[in-house]
Amino acid sequence: MLEKFLEAGKIVGTHGVRGDMRVQPWCDDSFLLKFKTFYLDKQGNEKLNVISIKNHGNVCILKAKNIDSIEAAESYRNKIIYIDRADAKLEIGRYFISDIIGCSVFNVETNEELGEITDVSQTGANDVWHILFKGNEFLIPNVPEFVKEVNIEERYVKISQIKGMFDDED
(Lines give C-alpha, C1' and ligand atoms only; values in the text may rest on other atoms or scores of the structure.)
Protein backbone atom coordinates (compact mmCIF):
# COMPACT_ATOMS: atom_id res chain seq x y z
CA MET A 1 0.00 0.00 0.00
CA LEU A 2 1.30 3.43 -0.90
CA GLU A 3 1.99 5.84 1.95
CA LYS A 4 -0.38 8.80 2.25
CA PHE A 5 2.25 11.24 3.56
CA LEU A 6 5.66 11.48 1.88
CA GLU A 7 8.89 13.06 3.11
CA ALA A 8 9.58 16.18 1.06
CA GLY A 9 12.41 17.95 2.85
CA LYS A 10 13.89 19.18 6.10
CA ILE A 11 13.77 22.52 7.86
CA VAL A 12 17.45 23.37 8.23
CA GLY A 13 17.35 26.84 9.72
CA THR A 14 15.82 30.28 9.82
CA HIS A 15 15.94 33.16 7.35
CA GLY A 16 15.69 36.68 8.68
CA VAL A 17 13.91 37.63 11.89
CA ARG A 18 10.23 37.37 10.90
CA GLY A 19 9.81 33.60 11.15
CA ASP A 20 10.87 32.47 7.70
CA MET A 21 12.44 29.02 7.55
CA ARG A 22 15.06 27.50 5.24
CA VAL A 23 13.93 24.14 3.84
CA GLN A 24 16.27 21.66 2.18
CA PRO A 25 14.06 20.05 -0.50
CA TRP A 26 14.28 16.31 -1.09
CA CYS A 27 12.72 16.66 -4.51
CA ASP A 28 12.89 19.09 -7.39
CA ASP A 29 12.86 22.37 -5.48
CA SER A 30 10.21 23.84 -7.80
CA PHE A 31 7.92 20.92 -6.89
CA LEU A 32 7.56 22.19 -3.32
CA LEU A 33 6.37 25.58 -4.55
CA LYS A 34 3.00 24.05 -5.49
CA PHE A 35 1.95 23.13 -1.94
CA LYS A 36 -0.23 25.15 0.43
CA THR A 37 0.16 22.75 3.36
CA PHE A 38 3.05 20.75 4.76
CA TYR A 39 2.84 18.24 7.60
CA LEU A 40 5.26 17.54 10.43
CA ASP A 41 4.45 13.86 10.92
CA LYS A 42 3.56 10.82 8.82
CA GLN A 43 -0.01 10.86 10.10
CA GLY A 44 -0.76 14.42 9.03
CA ASN A 45 -1.64 15.54 12.57
CA GLU A 46 0.49 18.70 12.70
CA LYS A 47 0.26 21.15 9.78
CA LEU A 48 2.23 24.08 8.50
CA ASN A 49 -0.07 26.30 6.45
CA VAL A 50 2.00 28.01 3.78
CA ILE A 51 1.79 31.77 3.36
CA SER A 52 4.64 31.80 0.84
CA ILE A 53 7.43 29.60 -0.42
CA LYS A 54 10.18 30.44 -2.90
CA ASN A 55 13.48 29.08 -4.16
CA HIS A 56 16.60 30.61 -2.66
CA GLY A 57 19.80 29.01 -3.93
CA ASN A 58 19.81 25.34 -2.98
CA VAL A 59 17.02 25.75 -0.37
CA CYS A 60 13.47 27.05 -0.26
CA ILE A 61 12.34 29.88 2.00
CA LEU A 62 9.07 29.00 3.72
CA LYS A 63 6.78 31.43 5.51
CA ALA A 64 4.08 29.60 7.47
CA LYS A 65 0.99 30.92 9.22
CA ASN A 66 1.43 31.78 12.95
CA ILE A 67 5.24 31.61 12.83
CA ASP A 68 6.20 35.26 13.18
CA SER A 69 9.56 35.34 14.96
CA ILE A 70 13.02 33.90 14.63
CA GLU A 71 12.47 32.08 17.95
CA ALA A 72 9.27 30.43 16.71
CA ALA A 73 10.95 29.43 13.43
CA GLU A 74 14.01 28.09 15.27
CA SER A 75 11.80 25.61 17.14
CA TYR A 76 11.15 23.84 13.80
CA ARG A 77 14.83 23.35 12.95
CA ASN A 78 15.66 19.74 11.90
CA LYS A 79 11.99 18.80 11.49
CA ILE A 80 11.08 16.74 8.44
CA ILE A 81 8.26 18.11 6.31
CA TYR A 82 5.78 15.83 4.58
CA ILE A 83 3.32 16.30 1.75
CA ASP A 84 -0.03 14.62 1.29
CA ARG A 85 0.11 12.34 -1.75
CA ALA A 86 -3.38 13.55 -2.71
CA ASP A 87 -2.02 17.11 -3.08
CA ALA A 88 0.79 16.01 -5.42
CA LYS A 89 0.04 16.11 -9.12
CA LEU A 90 2.62 14.08 -11.02
CA GLU A 91 2.88 13.86 -14.78
CA ILE A 92 2.05 10.49 -16.31
CA GLY A 93 5.10 8.26 -16.11
CA ARG A 94 6.52 10.07 -13.06
CA TYR A 95 6.55 8.62 -9.55
CA PHE A 96 8.10 9.14 -6.17
CA ILE A 97 11.43 7.48 -5.37
CA SER A 98 9.97 6.12 -2.14
CA ASP A 99 7.35 4.30 -4.23
CA ILE A 100 9.89 2.64 -6.55
CA ILE A 101 12.05 1.29 -3.70
CA GLY A 102 10.89 -2.22 -2.83
CA CYS A 103 9.41 -2.95 -6.26
CA SER A 104 10.19 -6.36 -7.75
CA VAL A 105 12.09 -6.33 -11.05
CA PHE A 106 11.21 -8.68 -13.90
CA ASN A 107 12.64 -9.40 -17.35
CA VAL A 108 10.05 -8.05 -19.78
CA GLU A 109 10.66 -10.84 -22.32
CA THR A 110 10.80 -13.90 -20.01
CA ASN A 111 8.97 -12.58 -16.91
CA GLU A 112 11.88 -13.99 -14.82
CA GLU A 113 12.25 -12.20 -11.49
CA LEU A 114 15.53 -10.30 -11.37
CA GLY A 115 15.47 -8.94 -7.83
CA GLU A 116 14.23 -5.91 -5.96
CA ILE A 117 14.97 -2.18 -6.16
CA THR A 118 16.72 -1.24 -2.91
CA ASP A 119 17.83 2.32 -3.62
CA VAL A 120 17.82 5.06 -6.26
CA SER A 121 20.75 7.33 -7.09
CA GLN A 122 20.08 10.64 -8.78
CA THR A 123 22.90 11.31 -11.22
CA GLY A 124 21.51 14.37 -12.97
CA ALA A 125 21.15 12.80 -16.41
CA ASN A 126 18.87 10.02 -15.17
CA ASP A 127 18.14 8.06 -12.02
CA VAL A 128 20.01 4.81 -11.44
CA TRP A 129 18.21 1.93 -9.75
CA HIS A 130 20.08 -0.31 -7.30
CA ILE A 131 18.77 -3.83 -7.78
CA LEU A 132 19.57 -6.62 -5.32
CA PHE A 133 19.80 -9.91 -7.22
CA LYS A 134 21.12 -13.16 -5.71
CA GLY A 135 22.99 -11.29 -3.00
CA ASN A 136 24.65 -8.86 -5.40
CA GLU A 137 23.79 -5.25 -6.21
CA PHE A 138 23.46 -4.18 -9.84
CA LEU A 139 22.97 -0.66 -11.15
CA ILE A 140 20.45 -0.09 -13.92
CA PRO A 141 19.85 3.34 -15.47
CA ASN A 142 16.20 4.40 -15.51
CA VAL A 143 16.06 5.07 -19.25
CA PRO A 144 13.52 3.88 -21.86
CA GLU A 145 16.07 1.55 -23.44
CA PHE A 146 15.96 -0.60 -20.28
CA VAL A 147 12.81 0.30 -18.32
CA LYS A 148 9.76 -0.95 -20.19
CA GLU A 149 6.98 -0.92 -17.57
CA VAL A 150 6.50 0.57 -14.12
CA ASN A 151 3.49 -0.45 -12.04
CA ILE A 152 3.65 1.30 -8.68
CA GLU A 153 0.26 0.05 -7.48
CA GLU A 154 1.22 -3.62 -8.01
CA ARG A 155 4.85 -2.98 -6.91
CA TYR A 156 6.78 -4.21 -9.96
CA VAL A 157 8.84 -2.97 -12.87
CA LYS A 158 9.80 -4.75 -16.07
CA ILE A 159 13.12 -4.16 -17.76
CA SER A 160 14.75 -5.20 -20.99
CA GLN A 161 17.75 -7.20 -19.86
CA ILE A 162 20.84 -7.02 -22.05
CA LYS A 163 23.71 -9.48 -22.25
CA GLY A 164 25.93 -9.22 -19.16
CA MET A 165 23.58 -6.93 -17.21
CA PHE A 166 23.28 -9.38 -14.30
CA ASP A 167 26.55 -11.26 -14.85
CA ASP A 168 24.59 -13.98 -16.62
CA GLU A 169 26.57 -13.74 -19.85
CA ASP A 170 30.21 -13.30 -20.78
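## A strand residue to start from

Asn-151 is found in strand E11; here helices (H or I, at least four residues) and strands (E, at least two) are DSSP runs, numbered from the N terminus. This is a predicted model, in which local features need pLDDT of at least 70 and side-chain atom pairs count only at pLDDT 80 or more, while totals for chains, interfaces and linings use all residues. Residues are numbered from 1 along each chain as its sequence is written, and side-chain values use heavy atoms, with hydrogens and water left out.

Is Asn-151 buried or exposed? Asn-151 is buried, at a relative accessible area of 16%. The cut-offs behind that word are these: buried means under 20% relative accessible area, exposed over 50%, and partly exposed in between (1.4 Å probe, protein chains only). The Asn-151 side chain also reaches the backbone nitrogen of Glu-153, at 3.3 Å.

## The six-stranded sheet

Strand E11 belongs to an open sheet of six strands, in the order E10-E9-E8-E7-E12-E11, with mixed pairing. Two strands pair if DSSP finds at least two bridges between them. At the edges are strand E10 (136-141) and strand E11 (147-151), each of which pairs on one side only. Neighbouring strands of this sheet are turned by 35° against each other on average, direction ignored. For such angles, axes are lines fitted to C-alpha atoms (for helices over the stretch in contact), and angles run from 0 to 180 degrees between N-to-C directions.

Ile-131 has Phe-138 in E10 as its bridge partner.

## Loops with a positive phi

Two residues other than glycine are worth a look here. Lys-134 has a positive phi of about 50° although it is not a glycine. Lys-134 is found in the loop between E9 and E10, and it is exposed, with a relative accessible area of 71%.

Arg-155 lies in the loop between E11 and strand E12 (156-159). E11 and E12 form a hairpin with four residues between the strands, where Arg-155 takes a positive phi near 65°. At a relative accessible area of 26%, Arg-155 is partly exposed.

## Pairing from E3 to E5

Strand E3 (residues 37-39) pairs with E4 in the antiparallel sense over three bridges, and Tyr-39 stands opposite Lys-47 in E4. E4 is in turn joined to E5 by six bridges, again antiparallel. Asn-55 stands opposite Cys-60 in E5. The E4 and E5 hairpin has two residues between its strands, and Gly-57 in the turn has a positive phi of about 65°.

A nonpolar core is a set of buried Ala, Val, Leu, Ile, Met, Phe, Trp, Tyr and Cys residues joined through side-chain atoms within 4.5 Å. Of the 23 residues in the largest such core, Met-21, Phe-38, Leu-48, Leu-62, Ile-81 and Ile-83 touch the most other members. The elements that each supply at least two residues of this core include strand E1 (5-15), helix H1 (29-32) and strand E6 (80-84). A second, separate core of 19 residues includes Ile-100, Cys-103, Trp-129 and Ile-159.

Leu-62 touches, among others, Met-21, Phe-38, Leu-48 and Val-50, not counting residues up to four places away in sequence. Contact means heavy atoms within 4.5 Å. Cys-60 counts as buried, at 0% relative accessibility, and Cys-103 is buried as well, with a relative accessible area of 0%. How many disulfides are there? The count comes to zero, a disulfide being a pair of cysteine sulfur atoms within 2.5 Å.

## Around Ser-69

Ser-69 lies in the loop between E5 and helix H2 (70-74), and it is partly exposed, with a relative accessible area of 23%. A polar atom of its side chain lies 3.0 Å from the backbone nitrogen of Ala-72.

Ser-69 also touches Val-17, Arg-18 and Gly-19, not counting residues up to four places away in sequence. Ser-69 and Gly-16 are 53 residues apart in sequence and 8.9 Å apart in space, C-alpha to C-alpha.

Notes. A polar contact is a pair of N or O atoms within 3.5 Å; within protein, one must be able to donate a hydrogen and the other to accept it, and residues adjacent in sequence count only if both atoms are side-chain atoms.
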